[in-house]
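The following note sets out points for a colleague who is examining this model. Please read it alongside the sequence and the coordinates.

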Amino acid sequence: ELPVAILAQVLHARGLGAMDNPTVAAGAALTAAAIVGAAVLFSRQSGKKAPLPESFPFGHSYTYDELAVFDGKSRPKMLIAVSGKIYDVSSSENFMEGGYGKLWGGKDATVALSKMSLKPEDVNLASWSDMDEAEKESLESWEKHFAKKYPVVGTLKAYTDVFGAIDIGDGKPLGGETFGGGGAAEEKSSEEPDTTASE
């Protein structure tokens with residue numbers, strides 16, 4: 001719309017009668033072409049994504065693109081989404097040193113966790129409402145596990161757009177027993193449940 005509006009102004013300024021002159025008409029055409037070209041270039045440049053900040057404030061509503069950079073490599077921190085909450089799992093060696101982190105770091109692991117799946121195609125899925133009872137029970141266990149161990153730093157926008165706002169409180173981990181119930185002595189070995197059945 002911008003090039004058309006400017007072209008109309010140019011033609012009006014030159015006078016419609018002047019367009020009968022071939023030289024004036026050619027000049028107007030060149031002017032219009034230059035304006036259109038500049039507008040297209042501007043629109044392409046303005047369409048570029050701005051670089052994401054190094055961090056976001058507590059309680060931020062993350063898009064998938066924003067979450068993706070917190071994979072422990074693009075940014076020092078590793079964040080994982082589970083049931084709409086964004087957890088900071090940077091304190092976990094199991095995540096930061098590979099394994100689960102390579103699969104779920106910077107992603108929504110909700111569906112993958114419900115299926116006890118290590119398949120890359122099961123991350124960042126929005127089929128949250130399609131779970132059967134067994135998958136819901138599995139996900140509930142994971143939710144409790146993450147809530148007890150890791151701080152919540154924000155929410156996943158795609159999830160809250162479907163299910164509404166999520167109260168994350170002060171974001172602090174709830175503490176208490178996790179999978180295995182062995183406390184600190186068993187923390188590393190029992191940090192995550194066995195998902196090998198779904199590999």
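1. Strand pairing of E3. In this predicted model, strand E3, covering residues 85–88, is antiparallel to E5 and is joined to E5 by three bridges. Within this pairing, Lys85 stands opposite Thr155 of E5.

2. Strand pairing of E1. Strand E1, residues 60–62, is likewise connected to E5 through three bridges, but here the two strands run parallel. His60 has Gly154 of E5 as its bridge partner.

3. Why can strand E5 be described as largely enclosed by the rest of the structure? The strand spans residues 152–156, and five of its five residues are buried, so the description follows from the burial of these residues. The criterion for burial is a relative accessible area under 20%.

4. Overall architecture. The protein chain contains nine helices and five strands. Read from the N terminus, the order of elements is α-α-β-α-β-β-α-α-β-α-α-β-α-α. Among contacts between residues at least 6 apart in sequence, 60% join residues at least 24 apart.

5. Burial and surface. The protein chain has 199 residues, and 35% of them count as buried. Its accessible surface comes to about 11,600 Å². Carbon and sulfur atoms account for 56% of that surface.

6. The largest pocket. Which residues lie nearest the centre of the largest pocket? They are Ser55, Phe56, Tyr62, Phe70 and Lys77, out of a lining of 13 residues. The volume of this pocket is about 150 Å³. By class, the lining comprises eight nonpolar residues, one polar residue and four charged residues.

7. Leu52 is placed in the loop between helix H2 (22–46) and E1. Is Leu52 buried, partly exposed or exposed? Its relative accessibility is 30%, so Leu52 counts as partly exposed; the intermediate class lies between the 20% limit for burial and the 50% limit for exposure. Leaving aside residues up to four places away in sequence, Leu52 touches Asp65, Glu66, Val69 and Arg75.

Notes
Residues numbered from 1 in each chain as written. Predicted model: local features only at pLDDT ≥ 70, side-chain atom pairs only at ≥ 80, totals over all residues. Heavy atoms only, no water. Helix = DSSP H or I, 4+ residues; strand = E, 2+ residues; numbered from the N terminus. Buried < 20%, exposed > 50% of the residue type's maximum accessible area, 1.4 Å probe, protein only. Contact = heavy atoms within 4.5 Å. Areas by Shrake-Rupley, 256 points an atom, 1.4 Å probe, with all protein chains shown as cover. Pairing = 2+ DSSP bridges. 1 Å grid on protein atoms, 1.4 Å probe; cavity = no way out; pocket = protein on both sides within 12 Å on 5 of 7 lines; lining within 4 Å. Points joined across faces, edges and corners; volume = space filled by probe spheres on them. Nonpolar A, V, L, I, M, F, W, Y, C, P; charged D, E, K, R; others polar.
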